[in-house]
Amino acid sequence: MASLGQQAAHWTIRGYQLTLSGVIGRQCRHLPSCSEYTDEAIQQHGFWAGGWMGVARICRCGPFGTSGLDLVPETLPERSGWYKPWTYGRWRGVNAPAITCEAVEPDGGSSP
């Protein structure tokens, strides 16, 4: 069950998406957008930690910032704590899933 703070944040973000986002223009350099990322982070990690993750993401989204696929991490960073909120956010880089390539062994020349 979402807390009152999480619900308020969700509806504030949703209001922004339906009003100001269309006026300002959708220019986010990431996928999902910064507002979607912040909403998901708050719902997943709570208002305090998720809010700081969202602030860090918005700061990374400038003209000289990062771009591309950036997903909300499933767990909080190891050294994060409520008393040092800057540790919740990723201030550089993206949280893209690791891409693995596997070599495929040839079938040994046998025909099917």
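**View 1. Asp70 and Arg60, both buried, in a predicted model.** Both Asp70 and Arg60 are buried, where buried means under 20% relative accessible area, exposed means over 50% and partly exposed lies in between (1.4 Å probe, protein chains only). This is a predicted model, in which local features need pLDDT of at least 70 and side-chain atom pairs count only at pLDDT 80 or more, while totals for chains, interfaces and linings use all residues. Residues are numbered from 1 along each chain as its sequence is written, and side-chain values use heavy atoms, with hydrogens and water left out. Asp70 forms a salt bridge with Arg60, the closest N and O atoms being 2.1 Å apart; a salt bridge is a side-chain nitrogen of Lys or Arg within 4 Å of a carboxyl oxygen of Asp or Glu. Because Asp70 lies in the segment after β2 and Arg60 in helix α4, this pair ties together parts that are ten residues apart in sequence. Helices (H or I, at least four residues) and strands (E, at least two) are DSSP runs, numbered from the N terminus.

**View 2. The salt bridge between Arg57 and Asp70.** The structure holds two salt bridges, and one of them joins the side chains of Arg57 and Asp70 at 3.5 Å, N to O. Arg57 lies in helix α4 and Asp70 in the segment after β2 (68-69), so this pair ties together parts that are 13 residues apart in sequence. Arg57 counts as buried at 0% relative accessibility, and Asp70 is likewise buried, with a relative accessible area of 0%.

**View 3. Helix α3 and its buried residues.** The twelve residues of helix α3 (residues 34-45) should span 16 Å at 1.5 Å a residue, which agrees with the 16 Å between its end C-alpha atoms; the expected span is 1.5 Å times one less than the number of residues. Among the buried residues of α3 are Cys34, Tyr37, Ala41, Ile42 and His45. The buried residues of α3 pack against α1 (4-18) and α4 (47-60), contact meaning heavy atoms within 4.5 Å. Just after α3, Gly46 takes a positive phi of about 95 degrees.

**View 4. A nonpolar patch on the surface.** Tyr16, Leu20, Val23 and Ile24 form this patch, with about 410 Å² of accessible area together; accessible areas come from the Shrake-Rupley method with a 1.4 Å probe, and for residues only the protein chains shown count as cover. Patches are made of residues with over 30% relative accessible area and no salt bridge, like charges being joined within 9 Å and nonpolar side chains (Val, Leu, Ile, Met, Phe, Trp, Tyr) within 5 Å. Helix α2 (residues 20-24) contributes the largest share, three residues. Ile24 has its place in helix α2 and counts as exposed at 53% relative accessibility.
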